[in-house]
Amino acid sequence: MRITEETVQYVAALAKLNVSEEEKNKVAKDLDRILDYIETMNGLDTEGVEPMSHVLPVKNVFREDEVSNQDNREELLKNAPQRIGDSFAVPKTVE
Amino acid sequence: MIDITRLSALELGRKIKAKEITVAEAVQAQLEIIKQRDPDYNCYITVLEEDALAQAEQVQTRIDAGELNDSPLAGVPLAVKDNICTKGVKTTCASQILYNFEPTYDATVIEKLKEAGLIIIGKTNCDEFAMGSTTETSFFGVTKNPWNTDCVPGGSSGGSAAAVAAEEAFLALGSDTGGSIRQPAGYCGVVGIKPTYGTVSRYGLIAYASSLDQIGTFGRSVSDCAAALELISGHDIKDSTSAPQESYRYTDALVDDVMGMRIGIPKDYLGAGIEEEVKESILKAAQVLKSKGAIVEEFELHSVEFAVPSYYVIACAEASSNLSRFDGVKYGYRTSEFEGLQDVYKKSRSEGFGNEVKRRMMIGAFVLSSGYYDAFYNKALKVRALINQGFQKAFEKFDIILGPIAPETAPRLGESLSDPLKMYLSDIYTVSVNLAGLPGISLPCGVDKKGLPIGLQLIGRHFGEKDIIRAAYSFEQAGSYERPTTLTKAQGKEA
């Protein structure tokens with residue numbers, strides 16, 4: 001068992017998720033089983049193979065830095081769970 | 001009175017042009033069928049009733065003015081998967097975390113469809129954030145398979161596939177990250193195509209795994225599906241991975257001719273795990289193409305069993321990064337009680353995301369974390385490279401590859417959810433196509449003893465859409481399209 005409850009805690013923190021004490025053990029087992037399966041790919045020899053993150057040759061695409069959209073602040077803020085004036089509202093972050 | 005919703009999309013388009021049917025009549029007929037059938041199937045999260053009628057009026061005006069003479073699908077109602085942004089229309093990704101999100105812009109594909117005069121009739125159900133193979137992880141309830149309501153429609157684009165099968169839409173858009181168009185098309189007995197990576201703009205598609213995601217189309221025939229794909233394809237400066245192609249005229253490939261076409265069947269796709277009936281049906285389909293002059297040969301593709309683990313590492317890693325934008329601040333769900341900003345993030349995300357999404361984000365965070373990055377993420381990228389090489393080698397010898405979509409026909413509701421590994425393994429024939437960025441089409445090739453459709457998959461080389469469309473069309477000409485028998489029952493009820 002490589003996934004301990006501590007690892008679950010750590011991974012949940014990275015993913016900004018809460019995992020309750022009761023769930024921890026179940027999540028650990030779950031992830032462990034999936035990772036065991038994932039490790040079956042070690043059966044394929046990849047010595048000297050270049051990792052491929054994209055299939056087609058991708059390069060950075062440049063364009064002129066020109067504004068093409070309109071000011072839609074009001075529309076965007078309509079989706080905010082909470083707003084103050086023209087801003088998204090969040091709890092105070094500095095005491 | 002003709003049964004409007006039973007027509008093909010292209011036929012409806014012709015009748016609208018010929019003034020035999022108005023756009024409003026088509027839209028009304030479609031809304032009526034949705035009202036009758038969707039309580040049974042739950043294909044839609046949102047149905048655009050008033051908005052669709054308003055669109056109909058505008059499109060009719062454009063048709064009457066002769067502005068849409070070159071658009072064969074003008075006036076045809078179409079459904080859109082709920083992970084594709086539609087301006088001012090709720091786009092939820094079937095998740096609580098976006099339960100009330102209204103995009104401020106249209107995805108490029110939506111802009112193109114509106115330009116061509118198609119009518120967006122509604123937003124379809126799917127697995128939450130397109131993560132799943134059954135459409136059971138949706139926050140808005142499961143979608144049922146129109147062929148048998150005890151079975152899943154497949155996923156993740158299950159709502160789109162079921163809507164087209166149930167005649168609740170003429171056409172639909174889906175997205176395919178590891179088989180999410182092709183597999184539900186197979187389970188629902190319709191045609192679904194995922195083009196080469198970079199063919200259709202991803203601008204406005206809410207990202208799951210950016211290096212694998214592609215938008216594609218569903219239809220009840222290869223012709224409808226290809227005609228719709230033609231409309232949404234094209235280079236887009238708003239998508240930096242968009243790859244320009246010489247020609248997007250896929251309907252040119254609707255030719256009943258496979259004479260001399262070289263077709264390879266991977267032996268590895270017909271080995272352990274596949275249902276006998278599915279295997280027989282696939283081999284019979286190959287015979288049909290052979291009888292039309294294609295050269296069919298079996299070959300070894302190798303490394304097939306490594307595609308699923310590699311896919312899950314890459315998809316989860318990209319998802320854990322993409323889904324970090326949902327934080328309860330800018331849009332969507334926010335928890336009601338919190339102490340401080342970190343708590344807003346963690347509680348909103350923990351309450352707003354479902355279990356499968358959380359599971360994949362945690363796998364993603366793990367494989368990218370220091371100490372595991374090389375062993376998991378980098379390894380998966382190397383496996384991906386070898387899988388791609390395997391396909392490239394195969395395409396030196398063959399024009400297309402033929403095989404099944406899934407080892408079995410549609411499973412029963414609830415069967416897959418209890419065991420995520422089993423669900424992941426059902427993607428074995430589809431994920432490698434995404435890893436290699438290839439085009440793939442799924443089309444019905446038979447019905448099993450349980451009365452469920454069997455799906456045939458044709459895979460093409462990069463930008464080889466026309467090859468697979470030509471072969472699919474030729475195969476389709478050999479048999480007629482079968483509809484779910486439940487629809488006739490429903491129609492008996494209406495009468």
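Let me start with what covers the buried residues of α4(B), because in this predicted model that cover includes β2, β3, β4 (171-176), β6 (214-219) and α7 (222-232) of chain B. The helix itself runs over residues 108-115 of chain B, and the residues buried in it are Thr108(B), Val109(B), Ile110(B) and Leu113(B). Just after α4(B) comes Gly117(B), which takes a positive phi of about 85°.

From there I would like to move to Ile119(B), which is one of the residues with the most contacts inside the largest nonpolar core. Setting aside residues up to four places away in sequence, Ile119(B) touches a list that includes Val23(B), Val27(B), Ala52(B), Gln55(B), Ala56(B) and Val59(B), and also Gly75(B), Val76(B), Pro77(B) and Leu78(B). The core as a whole has 180 residues, and others with the most contacts inside it include Leu171(B), Phe218(B), Val313(B), Ile400(B) and Ala472(B). Helix α9 of chain B, residues 307-322, gives the most to this core, with ten residues.

Which residues of α3(B) are buried? They are Ala52(B), Gln55(B), Ala56(B), Val59(B), Gln60(B) and Ile63(B), and they cover an arc of only 140° around the axis, so they sit on the same side of α3(B). On the face of α3(B) turned away from the buried side we find the exposed residues Glu50(B), Glu57(B), Thr61(B) and Asp64(B). The cover over the buried residues of this helix includes α1 (9-17), α2 (23-41), β2 (77-81) and β3 (119-124) of chain B. After α3(B) there is again a glycine, Gly66(B), with a positive phi near 80°.

Gly155(B) and Ser156(B) are joined by a cis peptide bond, with omega at about 10°, and Ser156(B) lies in the loop between β3 and α5 (158-165). Is Glu167(B) buried or exposed? With 24 other C-beta atoms within 10 Å, Glu167(B) is buried.

Another loop residue worth a moment is Ile428(B), which lies between α13 (420-425) and α14 (431-435) of chain B. Ile428(B) is buried, because 21 other C-beta atoms lie within 10 Å, where the cut-off is 20 or more. Leaving aside neighbours within four places in sequence, Ile428(B) is in contact with Val304(B), Ala307(B), Val308(B) and Pro407(B). Ile428(B) and Tyr269(B) are 159 residues apart in sequence, yet their C-alpha atoms are 8.6 Å apart in space.

Stepping back to chain B as a whole, there are 16 helices and eleven strands, and buried residues make up 62% of its 495 residues. Among contacts between residues at least 6 apart in sequence, 76% join residues at least 24 apart. A compact globule with 495 residues would have a radius of gyration near 23 Å, and chain B has 21 Å, which agrees.

Chain A gives another picture. Its pattern along the sequence is α-α-α-β-β, and buried residues make up 18% of its 95 residues. A compact globule of 95 residues would have a radius of gyration near 12 Å, but chain A has 23 Å, and its C-alpha atoms fill a box of roughly 55 × 45 × 25 Å along the principal axes.

Finally, the contact between the chains takes 39 residues from chain A and 54 residues from chain B. On the side of chain A that touches chain B, the elements giving two or more residues are α1 (5-14), α2 (21-38) and α3 (73-78), and α2(A) gives the most, with six residues. By class, that side of chain A has 24 nonpolar, nine polar and six charged residues.

Technical notes: Residues numbered from 1 in each chain as written. Chains lettered and ligands numbered in written order. Predicted model: local features only at pLDDT ≥ 70, side-chain atom pairs only at ≥ 80, totals over all residues. Contact = placed C-beta atoms within 7 Å. Helix = DSSP H or I, 4+ residues; strand = E, 2+ residues; numbered from the N terminus. Nonpolar A, V, L, I, M, F, W, Y, C, P; charged D, E, K, R; others polar. Buried ≥ 20, exposed ≤ 12 C-beta atoms within 10 Å, placed from the backbone. Arc of directions from axis to C-beta. Rg over C-alpha atoms; globule rule 2.2 N^0.38 Å. Core = buried A, V, L, I, M, F, W, Y, C linked by C-beta atoms within 7 Å.
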